[in-house]
Amino acid sequence: MARTFLGKNFLLNSDTAKELYHQYAKELPIIDYHCHLSPQEIYENKKFRNITEAWLGGDHYKWRVMRACGVDEELITGGADDYDKFLAWAKVVPRLLGNPLYHWTHLELQRFFGIDELLNERTAPAIWERVNALLQGEGFGARDLIKKSKVTVVCTTDDPADSLEYHFKIKELKDFDTQVLPSFRPDKFLEINRDTFKPWLAKLEAAAGKPIASYSALLDALRERIEFFHEAGGRVSDHALDTMEYQETRLSEVEAIFDKALKKGSVTPAEERKYKSYTMRFLGKEYAERGWAMQLHIHALRNTNSAMLKRLGPDTGYDAINDGPVAAALAGLLNALERDGALPKTILYSLNPNDYPALASIMGCFQGDGVPGKIQFGTAWWFNDNKDGMLEQMKTLANLGVLAQFIGMLTDSRSFLSYTRHEYFRRLLCDVLGDWVERGEAPKDFELLGTMVTDICHDNAKRYFAFPE
């Protein structure tokens, strides 16, 4: 007998899974330890003028499928009327069966706006009116949506030169208990061969209040900024390593490479590799000294369509999954940090699911220091952030590591409506465990299984990051 779409037991295919989700997972608060939400919008409790702004603005997941369905760019990122953009999206949604966006779209309509109707061209006008009326009323600002989702911690993604002005302002709010903490994202200074390097260096000089004319001065400035983030409550860094490279090198070599970059504007690929390798080791040591967790996001192939990059800029839906070697370089970096006694808590992600066994097995080589799950195989990321991707990540971790130590889900999103992805993840986790019980592969022990669910969905992350109270 067919079930009701997105019903109470959506994705829960056994009695054990249903009990685990409804009794243990469903009501847990959320720790969103990696996202791209705007601290300014959180502080200002941003009100959205309509569902198009809240839903389609900046959402390259939706933009990609709209293009695939033949929607004109004017109705995606162009200057078309907001209602026309919403209607274009509504026409696309019925074609998305099998894509997680079909589930996410309707989960968000249900959970935030109480709308059970399917979104399509026919229902779009009424849904547009109902949702927009709610968005214009009380209780639907950015902070309100965070509260509704029971989020206790939000870690934004922040440039080292950022003043963190809005993080400090959020701390002063009397009616908002969610911690909004910065994450240190130093990608721009690692990319020594890009045009952004020198302009970014100028911003760092302004933030540090002193010139950066040498590599040692750069390291001093970064150390000061890390300490600034730490004092603001930051306990996490994030690195986008589109290719994984590592090479042993000496400080004197990197100093010369940095000088060359300042004078000539570029260095050789081999020199760039040495610069990045030494700098990552420096950063890892700084993170370890402060008890931070270091996140490594590996193997994104960015800005593949140069014509559209020129037209729309980055982060507009033209990135893809990268391939290439990962294991030796990753192990080399972690080994160098371990050898120096400076390996921080580290979370490993790859956009390429072919890397999963390598990441999960390398992770096991560097556990220790009495820290449960010190090295984490991170949750399914970006293009893998779907049913099959989440299941594959969890099963790989279970096979090659310890699933019970997993720190669970994050949103990695720019949308305040994305917290339903945690529900999606939690349902899938409970279904995996329930399936093992039904097959006789795990005991039907709810004390054991319930603790595991609670740990993965919330408690492990709380212990792992040890955010300031």
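Residues are numbered from 1 along each chain as its sequence is written, and side-chain values use heavy atoms, with hydrogens and water left out. Because the model is predicted, local features need pLDDT of at least 70 and side-chain atom pairs count only at pLDDT 80 or more, while totals for chains, interfaces and linings use all residues.

Helix H19 spans residues 420–438, and helix H20 spans residues 446–465. Helices (H or I, at least four residues) are DSSP runs, numbered from the N terminus. The axes of H19 and H20 come within 11 Å and cross at roughly 155°. Axes are lines fitted to C-alpha atoms over the stretch in contact, and angles run from 0 to 180 degrees between N-to-C directions. H19 and H20 are therefore roughly antiparallel (over 145 degrees). Their crossing is right-handed, meaning that the near helix is turned clockwise from the far one by less than a right angle. In H19, Phe425, Arg426, Leu429, Cys430, Leu433 and Val437 take part in the contact. Their partners in H20 are Leu449, Met452, Val453, Ile456 and Cys457. Contact means heavy atoms within 4.5 Å. The H19–H20 contact has 10 nonpolar residues, one charged residue and no polar ones. Ala, Val, Leu, Ile, Met, Phe, Trp, Tyr, Cys and Pro count as nonpolar; Asp, Glu, Lys and Arg count as charged; the others, Gly among them, are polar.

H19 also packs against H1, at an angle of about 140° and with the axes 7 Å apart. H1 contributes Asp15, Thr16, Ala17, Leu20, Tyr21 and Ala25 to the contact. Residues from H19 include Glu423, Arg426, Cys430, Leu433 and Val437. By class, the H1–H19 contact holds seven nonpolar, two polar and six charged residues.

H19 gives the largest share, five residues. The lining comprises six nonpolar, six polar and nine charged residues.

Helices H13 (residues 251–264) and H14 (residues 269–290) pack at about 120°, with axes 9 Å apart. H13 is thus oblique to H14. Their crossing is left-handed, the near helix being turned anticlockwise from the far one by less than a right angle.

Key: Helices (H or I, at least four residues) and strands (E, at least two) are DSSP runs, numbered from the N terminus. Angles under 35 degrees count as roughly parallel, over 145 as roughly antiparallel, 65 to 115 as roughly perpendicular and the rest as oblique.
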